[in-house]
Amino acid sequence: MNRKMLSYVLAVGLFFALVPLSAKKMSVPGLYHYTLDNGLNLFIMENNAAPLAFVMVTVRAGAVTQSPENVGLFHLYEHMMFKGNAKYPNQPATIAALNEMGISDWNGFTAVDAVSYYFTVPAGMVRNGLEFWSYAIRTPLMEEKELANEKEVVVSEITANMTNPGRIMYAALGKHLFPEKPWRLDTSGTVEIVRGATAEQLRNIQGEYYVPNNAAVFVGGDVQHDEIYRMVKEIYGDWKKTKEIPFDSVPTKTPFASIQKFVYPDARSSDNFVQTGYYLRGPDAETDAADTYGADMWGYLVKKPDGAYKSLLLSDEALSIPDADYISGYYSTERASGRIALSSVMLNDGSPVKKTERWLEVVQTKGIPLMKTESFLGEKLIADAKTMMENADYYAVETAEGFLTNLSSVWASSGLDYFLGYEKKMNSVTGKQVRAFVEKYIEGKNGMFIVFVSPSVYEKNKAEFSAAGYAEINADNAFWWKEN
């Protein structure tokens with residue numbers, strides 16, 4: 001299934017020691033890392049709270065590695081992992097194998113930067129679980145009848161997404177922020193491409209991306225790291241690596257000549273509130289890793305409940321923002337689709353158009369300039385933000401499954417070296433770096449401004465939104481492929 005969108009997970013807040021890539025324990029309690037000779041990464045997290053083991057395999061692929069010709073096929077490939085392989089010849093045999101291991105919940109997801117497959121097994125079945133994923137990922141049959149059936153399953157998901165409010169909004173965001181290659185954020189794809197997919201196309205994806213030097217195995221729970229290493233080396237050690245993993249160039253950071261305004265009649269919105277979202281392109285882990293540390297620190301400073309930015313917006317009575325929890329901002333670290341967002345929820349107690357215009361003016365003329373001042377990025381404020389990050393780490397390691405799932409996303413989007421060196425980089429972040437991030441990616445840059453209102457509020461104010469230059473987002477114009 002597609003991973004839920006806009007879940008920009010743990011690209012910040014992870015603290016690890018830089019250690020040799022061998023059997024040495026890392027600074028996160030119970031976490032170990034190995035690299036096999038074929039390039040396969042192995043992460044193991046020991047946690048004996050329950051006699052269970054979480055097993056996940058992640059491949060650095062997904063929407064970001066798509067082309068216009070194969071958009072959606074990484075997702076289709078994910079579905080075919082449960083339809084038969086060299087050991088389990090069909091879906092019933094595959095399901096029987098899962099049941100024999102005592103697995104009640106198994107799944108996969110296709111995200112922008114990664115495709116992952118996972119389940120939790122009784123600890124005594126961890127070897128069986130590792131073998132299961134090895135066969136599923138390395139030797140899928142791609143049988144024509146199963147492929148035809150699964151195409152229709154994926155097509156039904158695509159058509160369902162076309163009426164999903166969250167997916168409509170996300171599609172519009174990708175279409176406008178990434179006008180050159182919007183398909184690189186579209187994990188679903190199009191009905192036509194999915195229905196026309198061939199087993200040969202899926203084999204090409206397998207040969208290019210489903211290779212050990214582009215994959216990682218994550219095991220956590222009631223396990224011993226040295227035993228897991230021996231198992232993985234035996235089961236996955238003969239997986240053949242490739243010389244180079246194809247990856248395309250990064251899209252533009254400045255897609256707009258002027259601020260682009262949109263209004264989205266969102267069925268999830270209440271008549272009593274108006275929500276704003278201002279979106280910009282941010283640094284990409286593939287090419288701008290050095291800029292992501294200042295960006296992560298900026299994200300913490302923006303979200304500080306009593307920080308200068310939130311205090312500024314709360315002090316403006318015309319905005320009528322209930323409290324600090326209704327103000328947010330984030331930077332999401334992605335391999336080639338880094339995004340920045342500022343948002344607020346305001347009471348709908350007058351003209352929603354005037355209110356949102358006021359919000360944009362305050363953010364542009366006061367909020368962004370404030371982000372370059374000592375009141376926003378002073379030395380003590382940054383020290384406090386680092387403490388917040390450290391506190392977040394304690395929660396991050398509560399369960400092996402949750403931690404490793406998030407770790408897999410960071411690994412896929414940013415790579416191993418980034419992951420290993422994150423603590424050192426973040427501990428050295430200064431106000432100067434934060435200011436440089438603001439100047440390079442936010443100040444003077446034109447973003448995508450979206451106003452979210454309920455359909456009934458939109459209908460009452462439709463003419464005013466149109467007169468103010470807002471274009472409507474809807475299911476007919478949000479998806480990049482509909483107009484083509």
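User: How many cavities of 30 Å³ or more does the structure hold?

Analyst: The structure holds 4 of them. A cavity is a set of points on a 1 Å grid over the protein atoms alone where a 1.4 Å probe fits but cannot get out. This is a predicted model, so local features need pLDDT of at least 70 and side-chain atom pairs pLDDT 80 or more, while totals for chains, interfaces and linings use all residues. Residues are numbered from 1 along each chain as its sequence is written, and side-chain values use heavy atoms, without hydrogens or water.

User: How much space lies in the second largest cavity?

Analyst: About 160 Å³, where volume is the space filled by probe spheres set on the grid points.

User: And which residues are closest to its centre?

Analyst: Of the 16 residues that line the second largest cavity, those are Arg-167, Ala-171, Asp-186, Phe-479 and Trp-480. Lining residues have an atom within 4 Å of a point.

User: Which element gives the most to that lining?

Analyst: α5, with 5 residues. The elements giving two or more residues to the lining are α4 (144-161) and α5 (165-177). By class, the lining of this cavity has 9 nonpolar, 4 polar and 3 charged residues; Gly counts as polar.

User: What lines the second largest pocket?

Analyst: Its lining includes Arg-60, Arg-335, Trp-411 and Asp-417, along with Asn-41, Asn-213 and Asn-214. The lining divides into 3 nonpolar, 6 polar and 3 charged residues.

User: Now helices. At what angle do α11 and α17 pack?

Analyst: α11 (residues 352-370) and α17 (residues 455-467) pack at about 65°, with axes 9 Å apart. They are therefore roughly perpendicular, a label for angles of 65 to 115 degrees.

User: Which residues meet there?

Analyst: Pro-352, Val-353 and Lys-354 of α11 meet Val-457, Asn-461, Glu-464 and Phe-465 of α17, contact being heavy atoms within 4.5 Å. The set comprises 4 nonpolar, 1 polar and 2 charged residues.

User: How do the axes of α10 and α11 cross?

Analyst: The axes of α10 (residues 308-315) and α11 cross at roughly 150° and come within 10 Å. From α10 the contact uses Ala-308, Tyr-309, Leu-312 and Leu-313, and on α11 the partners include Trp-359, Val-362 and Lys-366. This contact has 8 nonpolar, 1 polar and 1 charged residue.

Key. Axes fitted to C-alpha atoms, helices over the stretch in contact; angles between N-to-C directions. Helix = DSSP H or I, 4+ residues; strand = E, 2+ residues; numbered from the N terminus. Parallel < 35°, antiparallel > 145°, perpendicular 65-115°, else oblique. 1 Å grid on protein atoms, 1.4 Å probe; cavity = no way out; pocket = protein on both sides within 12 Å on 5 of 7 lines; lining within 4 Å.
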